[in-house]
Amino acid sequence: MPSLQEAKDKLINSQIWRSMFRGGTWKDTSRDRAQHILGNVWLHLHPARIRQRAVRFTYTWGLGGLSFGLFMILTVTGLLLMFYYRPSVELAYRDIKDLEFAVSLGMFLRNLHRWSAHTMVLLVILHMVRVFLTGAYKTPREFNWGIGVVLLVVTLFLSFTGYLLPWDQLALWAVTVGTNMASATPFAGAEGPFSNLLGITNANDARFALLGGTSVGANTLIRFYVLHCVAVPVVAGALMIVHFWRIRKDGFSAAPLPGDAPEKKMEVWPNLVVREYIGAVLMLVFLIAWSVLQNAPLEELANAGVTPNPSKAPWYFLGLQELLVYFDPWLAGVVLPGVIMMGLMAIPYVDPDAKRGVGYYSVKERPFANTVFLFGVGLWFVLIFIGTVLRGPNWSWYWPWESWEIHKSLPPPSWSLVLVDLTDKAGVFFSSQKTPGLRIPGFLGIGAALAAAGGMIGAYFGAGLALPKLIHKEIPFRRALWVTAVASLFVGVAAKVAHVFLRHHDFIGKNISQFGPTEIAYVAVVLFIVVLMGFLLPQKFLRTSPQSPVQYVTTMLLLLMMLGVILKMGARMGFNIKYILSLPAINLNL
Ligand code: HEM
């Protein structure tokens with residue numbers, strides 16, 4: 001009887017084994033370990049050796065690797081689900097029910113797929129935040145950051161296209177809400193600005209292309225199925241290959257810190273690979289437990305005749321849906337997401353400090369970049385929270401302890417600062433349905449209205465761009481914070497005092513009927529944020545940074561647009577202002 005060792009040696013030296021695995025007998029030397037990584041098609045995505053800091057869990061939090069792991073779980077569970085699911089309006093819902101009741105482990109499989117998809121969206125966002133905070137988007141990784149931004153969009157789209165497939169009420173209406181935004185695309189959507197000039201209707205616009213019809217139906221289901229199961233995963237897979245290849249070529253960001261002793265590199269096998277396996281197993285255990293304990297939602301069969309109130313988009317789009325309260329769909333659903341994506345991609349190219357803060361968490365060293373970025377991500381999640389938890393029937397505000405059974409009264413009437421009425425040829429200032437504002441007929445009125453709106457918007461951007469540069473003196477930051485806080489509160493209170501005196505005026509009484517402590521708080525908080533982020537921070541950190549005018553202007557324009565969103569929200573919440581400029585003839589409302 002040969003000993004275990006002899007049997008093992010025999011196996012390893014056999015022709016069959018040798019034909020599969022190259023190299024000599026495994027002696028666990030450094031060379032063997034490197035060979036193990038380089039000679040394996042999957043493992044050779046890694047380098048053979050790696051810096052010690054790069055392996056530290058608290059540097060990457062394993063977020064990129066886990067995102068990829070989730071993509072793998074989704075591919076496997078998705079393939080298994082495809083054996084049972086048929087994408088037709090008659091069968092889809094029944095097949096999902098069958099998974100629940102007739103297929104062994106069918107419900108578990110569906111749960112695992114669903115919860116992994118939500119987790120992947122969340123982890124990809126967190127991975128982006130970690131990459132930002134460690135400055136890993138800077139030279140030479142700018143392009144890979146851009147690939148990452150596209151991967152984020154693709155991940156969201158992958159999840160969104162899957163949402164429709166169960167063909168229940170949740171699916172139908174979430175996708176209806178989500179795709180409605182496409183009809184607001186400027187030029188290409190039937191309800192978007194300028195589209196009527198091009199003869200675009202709801203039978204040939206962007207939404208039609210997405211749905212294969214004018215509403216979510218059988219054609220949409222097959223389109224989303226093909227997108228979800230073939231087209232988008234292929235694109236995501238291809239982009240991931242480029243992403244990983246670039247990580248290898250650009251080098252991982254965890255470089256030695258200034259003043260560090262010359263570093264010893266670690267072997268990737270087993271140090272990193274074992275950590276990756278442990279991370280993957282822990283995540284899988286967590287997801288399996290979640291899938292056993294909690295079932296994925298499935299509502300009634302999709303019914304185009306019964307609209308749930310409220311109809312909500314998937315959670316990651318609820319921030320955009322919440323913005324619909326304050327902005328027209330073309331801005332909230334198309335232009336703002338577009339600007340956010342382009343803005344994210346532009347970050348590495350506008351960052352004036354290409355060298356500092358790379359490869360370590362540097363909140364103190366990069367206060368401007370980190371504050372603005374974290375504020376943007378935080379704002380997104382606050383809007384998602386409001387949309388998910390605090391919005392009830394008719395999209396009214398409901399605290400968690402309030403019952404949705406009691407429908408709230410409609411929101412107060414809103415008004416526009418300027419309306420350009422091309423049909424009747426007039427410019428209307430303070431336009432509202434309740435009380436007519438000041439109407440100036442003819443081209444003079446139109447010109448005056450356009451000039452007033454243009455002036456306001458121009459003054460906002462002009463002052464935002466110029467002020468941080470014009471004031472050369474260093475402003476003491478802490479004191480400025482206090483002064484800003486007190487001044488913002490003062491403006492809120494002053495608005496309240498003005499309201500007390502003016503509330504009997506016909507226009508104010510009808511359009512701003514209520515101005516209490518909540519409205520004072522809205523005005524004060526919004527003003528504080530806008531002055532802090534739009535003036536004090538740039539004045540302190542951008543004024544003297546070595547950057548080109550293009551970099552400065554792009555950074556400030558993006559920042560001012562983000563703050564414009566908050567300003568507009570404050571104008572609505574405090575003063576019921578709906579639009580700064582309304583131009584209904586071309587569906588343009590700002
Ligand atoms: C499906 C989505 C994604 C997957 C599977 C993925 C995967 C990974 C992996 C495995 C790494 C190396 C380990 C780590 O940093 O955790 C990495 C690094 C990186 N990722 Fe991603 N990623 C994704 C999305 C993104 C996004 C959304 C961004 C940014 C917008 C991004 C930007 C980067 C950059 C710049 C690096 C290099 C980091 C460094 O050198 O420190 N990735 N990614």
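The shell of residues around the ligand divides into 14 nonpolar, nine polar and two charged members. Keep in mind as you look around that this is a predicted model. In total, 25 residues surround the ligand, and the closest are His-127, Arg-130, Gly-148, His-243 and Ser-253.

Three of these names come back when you look at polar atoms. An N or O atom in the side chain of His-127 sits 2.9 Å from a nitrogen atom of the ligand. For His-243, an N or O atom of the side chain is 2.8 Å from a ligand nitrogen. Arg-130 turns to an oxygen atom of the ligand instead, with a polar side-chain atom 2.6 Å from that oxygen.

Now let's move to the metal. Which residues coordinate the iron atom of the ligand? They are His-127 and His-243, each through its NE2 atom, at 2.1 Å. The iron has six donor atoms, and with angles among them of 87 to 179 degrees the site is octahedral. For six octahedral donors, the ideal angles are 90 or 180 degrees. His-127 belongs to helix H8 and His-243 to helix H12, so this pair ties together parts of the chain that are 116 residues apart in sequence. Are these two histidines buried or exposed? Both His-127 and His-243 are buried.

Next, take a look at a loop. Ser-195 is found between helix H10 (169-180) and helix H11 (206-211). Ser-195 counts as buried because its relative accessibility is 0%, and the cut-off for buried is under 20%. The side chain of Ser-195 reaches the backbone oxygen of Gly-189, at 2.8 Å. Gly-189 is also one of the residues in contact with Ser-195 once neighbours within four places in sequence are left aside; the others are Phe-187, Ala-190 and Ile-200.

Our last stop is a strand. Ile-577 has its place in strand E6, which covers residues 577-583. With a relative accessible area of 10%, Ile-577 falls under the 20% cut-off and is therefore buried. Setting aside neighbours within four places in sequence, Ile-577 is in contact with Trp-415, Leu-417, Ala-571 and Arg-572.

Conventions:
Residues numbered from 1 in each chain as written. Predicted model: local features only at pLDDT ≥ 70, side-chain atom pairs only at ≥ 80, totals over all residues. Heavy atoms only, no water. Near = heavy atom within 4 Å. Polar contact = N/O pair within 3.5 Å; in protein donor to acceptor, adjacent residues only side chain to side chain. Nonpolar A, V, L, I, M, F, W, Y, C, P; charged D, E, K, R; others polar. Donors = N, O, S within 2.8 Å, 3.2 Å for Na, K, Ca; no water. Tetrahedral: all angles 85-135°; square planar, octahedral: opposite > 155°, others 65-115°. Helix = DSSP H or I, 4+ residues; strand = E, 2+ residues; numbered from the N terminus. Buried < 20%, exposed > 50% of the residue type's maximum accessible area, 1.4 Å probe, protein only. Contact = heavy atoms within 4.5 Å.
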